[in-house]
Amino acid sequence: MCSSDLVDSPSSFGEGLASSLKSNHITHAGVEVYKLYLADEALWRSEFSPVLCRHLLSDNQLARQNARDHWLPTTLARVPAAPLILTNLLSELYTESNRDLVLLAKLDILRISRRMGSLDTLDADQQATLQSGLIHPCPDVRCAAFSILCECKKRGTAPSGEHMRLISEFVNRNATEDSPRFRQCVQSQFTLLMIRCRDFSAQATRMLHKNRTGEEELLEVAAFLDKLMHGLVCNLVEGANYQRKISSLQFLNIFIDNFVVFSATGANKCSGNGD
């Protein structure tokens with residue numbers, strides 16, 4: 001049975017299926033049904049992509065979050081053209097009242113694409129979206145933008161020079177943020193960043209010893225880490241802002257876990273060859 005045979009009215013069914021996003025109890029079942037329509041890109045594009053975009057911008061926080069967490073990643077993984085289609089639809093739905101949600105949805109698309117490995121470099125429009133997110137007043141939007149800088153499918157890939165600059169600026173600018181949710185998200189992404197830098201450094205060091213290549217890239221990452229750690233240590237001086245001190249200590253602890261005291265288990269465990 002093909003997806004087009006499942007219902008006589010895909011459009012109305014799409015709206016009905018999306019109602020599952022409003023209840024955690026049936027969200028996963030709804031996703032499994034939704035996947036059946038992703039095999040037919042033309043059907044999904046005409047009937048289901050507008051439904052997804054509307055729920056990414058929904059006033060219902062639960063429906064919006066479930067669309068971000070479940071429908072969006074599934075769509076991007078199964079429909080190659082989805083990032084462009086959804087981004088264009090979101091731009092068409094833009095209004096002054098929903099501009100923050102539009103930006104957040106576009107950042108989510110970039111973040112998930114980076115995580116899946118389908119997006120390596122950002123074009124001018126995507127870079128502008130990232131820049132807007134990094135300085136946005138909403139913590140959720142800023143965290144989504146920061147995730148784009150930190151996440152990457154290949155753990156051993158170093159951040160670009162431009163991304164290193166943006167990361168340093170972001171960490172310094174947001175050290176006083178007191179939102180627990182924001183701090184937890186940023187620390188999680190910072191851990192991924194440190195893993196990337198550590199694994200890249202281990203690989204580059206082996207290549208340097210073996211083939212005498214990669215020294216410039218290795219020194220660039222080392223200089224980035226040195227500048228980042230120096231800035232965090234400077235935040236610990238007497239009289240510094242309390243929240244800035246706490247955030248800096250937490251970031252320094254993540255650095256120590258990945259570069260000084262290796263763990264044998266967990267996400268930040270050392271590589272298998274002991275590097």
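**Figure 1. Lysine 35 and its contacts.** Leaving aside residues up to four places away in sequence, lysine 35 touches Thr74 and Arg78. The model is predicted. Lysine 35 belongs to helix α2. Its relative accessibility is 23%, so lysine 35 counts as partly exposed. Proline 73 lies 38 residues from lysine 35 in sequence. The C-alpha atoms of lysine 35 and proline 73 are 11 Å apart.

**Figure 2. The whole chain, for orientation.** The protein has 12 helices and zero strands. From the N terminus on, the order of elements is α-α-α-α-α-α-α-α-α-α-α-α. Along the principal axes, the C-alpha atoms fill a box of roughly 65 × 45 × 35 Å. Of the 275 residues, 45% are buried. Take the contacts between residues at least 6 apart in sequence: 68% of them join residues at least 24 apart.

**Figure 3. Helix α3 against helix α4.** Helix α3 spans residues 41-56 and helix α4 spans residues 61-78. Their axes come within 8 Å and cross at roughly 145 degrees. The crossing of α3 with α4 is left-handed. From α3, the contact draws on Trp44, Val51, Leu52, His55 and Leu56. From α4 come Ala63, Arg64, Ala67, Arg68, Trp71, Leu72 and Thr75. By class, the α3–α4 contact holds eight nonpolar, two polar and two charged residues.

**Figure 4. Phenylalanine 13 and tyrosine 37.** The whole structure contains eight aromatic pairs. In one of them, the ring centres of phenylalanine 13 and tyrosine 37 are 5.7 Å apart. The planes of these two rings stand at 40 degrees, so the pair is tilted. Phenylalanine 13 sits in helix α1 (residues 10-18), and tyrosine 37 in helix α2 (residues 24-37). The pair thus links distant parts of the chain, 24 residues apart. Phenylalanine 13 is partly exposed, at 28% relative accessible area. Tyrosine 37 is buried, at 0% relative accessibility. Ring pairs also join Phe13, Tyr34, Tyr37, Phe48 and Trp71 into a cluster.

**Figure 5. Phenylalanine 190 and phenylalanine 251.** These two residues form a tilted aromatic pair. Their rings are 4.6 Å apart, centre to centre, with 50 degrees between the planes. Phenylalanine 190 lies in helix α10 (residues 180-211) and phenylalanine 251 in helix α12 (residues 242-259), so the pair ties together parts 61 residues apart in sequence. Both phenylalanine 190 and phenylalanine 251 are buried.

**Figure 6. Helix α10 against helix α11.** Helix α11 covers residues 215-234. The axes of α10 and α11 are 9 Å apart, and the helices pack at an angle of about 145 degrees. Their crossing is left-handed. On α10, the contact is made by Phe190, Leu193, Met194, Cys197, Phe200, Ser201, Ala204, Thr205 and Leu208. On α11, Glu215, Glu217, Leu218, Val221, Phe224, Leu225, Leu228 and Met229 take part. The classes in the α10–α11 contact are 13 nonpolar, two polar and two charged residues. Phe190 in this contact is also the α10 partner in the pair with phenylalanine 251.

**Figure 7. Arginine 142 over phenylalanine 182.** Arginine 142 lies over the face of phenylalanine 182. The distance from the ring centre is 4.9 Å.

Terms used
Residues are numbered from 1 along each chain as its sequence is written. This is a predicted model: local features need pLDDT of at least 70, side-chain atom pairs count only at pLDDT 80 or more; totals for chains, interfaces and linings use all residues. Side-chain values use heavy atoms; hydrogens and water are left out. Axes are lines fitted to C-alpha atoms, for helices over the stretch in contact, and angles run from 0 to 180 degrees between N-to-C directions. Helices (H or I, at least four residues) and strands (E, at least two) are DSSP runs, numbered from the N terminus. A crossing is left-handed if the near helix is turned anticlockwise from the far one by less than a right angle, and right-handed if clockwise. Contact means heavy atoms within 4.5 Å. Ala, Val, Leu, Ile, Met, Phe, Trp, Tyr, Cys and Pro count as nonpolar, Asp, Glu, Lys and Arg as charged, and the others, Gly among them, as polar. Rings of Phe, Tyr and Trp (its six-membered ring) pair if their centres lie within 6.5 Å; planes under 30 degrees apart count as stacked, over 60 as edge-to-face and the rest as tilted. Buried means under 20% relative accessible area, exposed over 50%, partly exposed in between (1.4 Å probe, protein chains only). A charge sits over a ring if NZ of Lys or CZ of Arg is within 6 Å of the ring centre and within 35 degrees of the ring normal.
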